[in-house]
Amino acid sequence: MRTFLGGAVAAMAMAVAGGAIAECYTGWQSPSVEDYRWEILYEDDAPFAVSDAYPWIKLPLYMQAPSKPKILSFERGIGDRPMVASLVYYAGSPGTSVLVPITERIVFDMSIDGKELLRGTLMEGCDPVEWSLNGDVLSVDDPAMGYQEIVLP
C-alpha cells in the first residue's frame, strides 16, 4: 500500500518545520489556488469553494470550529485519473484549553459537477492523517469519521 499525502502536505511540512502548531499550515497556500482562481463564496452563512476556472464545481466547506475557512491547495489528477481532483482547506481549530487546527481534503470528480467522492481530515494539528492509494482504491483513516475508502471512477 502506498501512502498518499500529495504534494500539498509535503510542501506544508517543509514550510512549517520550525513553526508553532497553531501555524502549521494555516498561513501556507499553494500557488495552485491562485492559478485556478479558487475562492470562498458564502450562501446563507455556509462557505463553499468555487473556481473561475471550473464554474460547474461548488464544494461545501464543513468547518470543525467557528472560523473562516482558507483554501490551501488544489491538485488535479489522482493516480491515473486526470478528472479526479483534491482540494485542501483549513477547517478551523476546535478544542478547549488547546486548540487543534484541522485541515480537510475533499476528493471530487471534476467531470460530474464536482461530485464528492471522499472527504476526510488531512492534518490534525501538525500530524498528517494516513491517506493511501492502492491501485484504484483511495482510503483515509480519519480520526473523527473512521476508516473510509472508495474506488476511483
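Q: How many aromatic pairs does a search of the whole structure find?
A: It finds seven aromatic pairs. Rings of Phe, Tyr and Trp (its six-membered ring) pair if their centres lie within 6.5 Å; planes under 30 degrees apart count as stacked, over 60 as edge-to-face and the rest as tilted. Bear in mind that this is a predicted model: local features need pLDDT of at least 70, side-chain atom pairs count only at pLDDT 80 or more, and totals for chains, interfaces and linings use all residues. Residues are numbered from 1 along each chain as its sequence is written, and side-chain values use heavy atoms, with hydrogens and water left out.

Q: Are Trp38 and Phe108 buried or exposed, and how do you know?
A: Buried means under 20% relative accessible area, exposed over 50%, partly exposed in between (1.4 Å probe, protein chains only). Trp38 has 7% and Phe108 has 0%, so Trp38 is buried and Phe108 is too.

Q: What makes the pair of Tyr54 and Phe74 tilted?
A: Their ring centres are 5.7 Å apart and their planes stand at 45°, so the pair is tilted. Tyr54 sits in the loop between β3 and β4 while Phe74 is in strand β5, 20 residues apart. Tyr54 and Phe74 are buried.

Q: Which residues form the one aromatic cluster?
A: Tyr36, Trp38, Tyr54, Trp56, Phe74 and Phe108.

Q: Why is strand β3 (residues 46–51) described as largely enclosed?
A: Five of its six residues are buried, so the rest of the structure largely encloses β3.

Q: How do you know that β3 pairs with β2 and with β4?
A: Two strands pair if DSSP finds at least two bridges between them. Strand β2 (residues 38–43) and β3 have six bridges, in the antiparallel sense. β3 and strand β4 (residues 58–60) have three, also antiparallel. Glu43 has Ala46 as its bridge partner in β3, and Val50 has Lys58 in β4. The β2 and β3 hairpin has two residues between the strands, and Asp44 takes a positive phi near 50° there.

Q: Which residues of the largest nonpolar core touch the most other members?
A: Val107, Leu118, Trp131, Leu138 and Leu152, out of 18 residues in that core. β8 gives the largest share, four residues. Apart from this core lies another, of 17 residues, including Trp38, Ala49, Ile57 and Phe108. To count, residues must be buried Ala, Val, Leu, Ile, Met, Phe, Trp, Tyr or Cys, joined through side-chain atoms within 4.5 Å.

Q: Why is the contact of Arg37 with Asp52 called a salt bridge?
A: The rule asks for a side-chain nitrogen of Lys or Arg within 4 Å of a carboxyl oxygen of Asp or Glu. The closest N and O atoms of Arg37 and Asp52 are 3.9 Å apart, so the pair counts as a salt bridge. By this rule the count comes to five.

Q: What makes Asp80, Arg81 and Asp136 a network?
A: They are linked by salt bridges. Asp80 and Arg81 meet at 2.5 Å, N to O, and Asp136 reaches Arg81 at 3.7 Å. Asp136 lies in the loop between β10 and β11 and Arg81 in strand β6, 55 residues apart.
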